[in-house]
Amino acid sequence: MYKDPETSQATPLLTPVERAILHDSVTEHLRNFIIEGVLAPGMKLNERQLCETLGISRTPLREALKVLAAEGLIEISPNRGAAVARMSEAEIREAFEVLSGLEAFSGELACERITDDEVQQIEALHAAMLDCRARNDLPGYYSRNQQIHDRINLAARNQVLRQTYLSVNRRVQALRLRSNLKAPKWASAIEDHEQMLLALRQRDGARLGRILRQHLLDKRDAILELGLLA
C-alpha cells in the first residue's frame, strides 16, 4: 500500500500488478509462437519486430525472453542477442525418456486421486480433440491433446511432480505438436488416447502408467524418424 502524504489515505499500488500481467501475457504469446512453429528453432529474434507485433515496449519483451531462456526455449548471447533454442538428438532422447516417466507416474497417482467430475472433463476434451481431427485442425487438436495430459498431471495432486513436469514438457511442446504431421502417427496417437480414457475410467493406474510411458516414447521415435530436431 502507498500512503499519499497530502491526504494520508492509503491507496493500492496497481502498477506492479499490471506490469506482472503484461509480463505473463508476453511470455505466453512468445511461448505459443515457439510451440506453433511461428518462431522456428535457431531463428534469431528481432526485438523491434516483436515489439511492433505485440504492441509493447522492449522492457516487457526482454523480461519475457529471460523467462523463456530459463525454460530452455530461448538462448541469449551477449554478442548475438536472442534466438530460439535448438535441441540435439541426444537432448530430445533424454527429455522424452524423463517425460515418459513423469507422465507415467502422473497417471498412476491420478487413478488414485481423480474425481468423477475430472474424468468427465477429460472425456469432453477427448471428444473435442476428435472433432478437431475430423476437421484436420492440428493446432486445435494439439491444444485439446495437451489439456488432457495436463489434466491427468494435475489430478495426480503432487506439486513437486507438477513443477518438474511443466519444466521438461515446455522444452518439447513444439516437437509434440509436429510429431502428428503424418496421418498414421496421428491415428496411432488417438488410439493411445482411447486406451488412456478406458484405464482412467477403470482407475487402473498401472495400465494408464504403461500406456502413457509408451505413448511418450512413441512420440520421441516419431520425432526422430521425421527428423524434427528442435
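How many cavities of 30 Å³ or more does the count come to?

**Ground rules.** I am working on a predicted model, where local features need pLDDT of at least 70, side-chain atom pairs count only at pLDDT 80 or more, and totals for chains, interfaces and linings use all residues. Residues are numbered from 1 along each chain as its sequence is written, and side-chain values use heavy atoms, with hydrogens and water left out.

**Entry 1: cavities.** I noted what a cavity is: on a 1 Å grid over the protein atoms alone, a set of points where a 1.4 Å probe fits but cannot get out. Its lining residues have an atom within 4 Å of a point. Grid points are joined across faces, edges and corners, and a volume is the space filled by probe spheres set on the points. My answer is four cavities of 30 Å³ or more.

I then looked up the second largest cavity, with a volume of about 40 Å³. Its lining is I122, H126, I148, I152, H193, M196, L197 and L200. Helices here are DSSP runs (H or I, at least four residues), numbered from the N terminus. At least two lining residues come from each of α5 (116–134), α6 (138–155) and α8 (183–201), and α8 gives the most, with four residues.

**Entry 2: helix α3.** Which residues of α3 are buried? Buried means under 20% relative accessible area, exposed over 50% (1.4 Å probe, protein chains only). I found P60, L61, A64, L65 and L68 to be the buried ones. A reminder to myself: an α-helix has 3.6 residues a turn, so residues three or four places apart point the same way. Just after α3, I saw that G72 takes a positive phi of about 85°.

**Entry 3: S100.** Next I picked S100, in helix α4 (residues 89–113). Is S100 buried or exposed? S100 is buried, with a relative accessible area of 2%. Leaving aside its neighbours within four places in sequence, S100 is in contact (heavy atoms within 4.5 Å) with R213, L216 and L217.

Definitions and conventions:
On a 1 Å grid over the protein atoms alone, a cavity is a set of points where a 1.4 Å probe fits but cannot get out, and a pocket is an open set with protein on both sides within 12 Å along at least five of seven lines; lining residues have an atom within 4 Å of a point.
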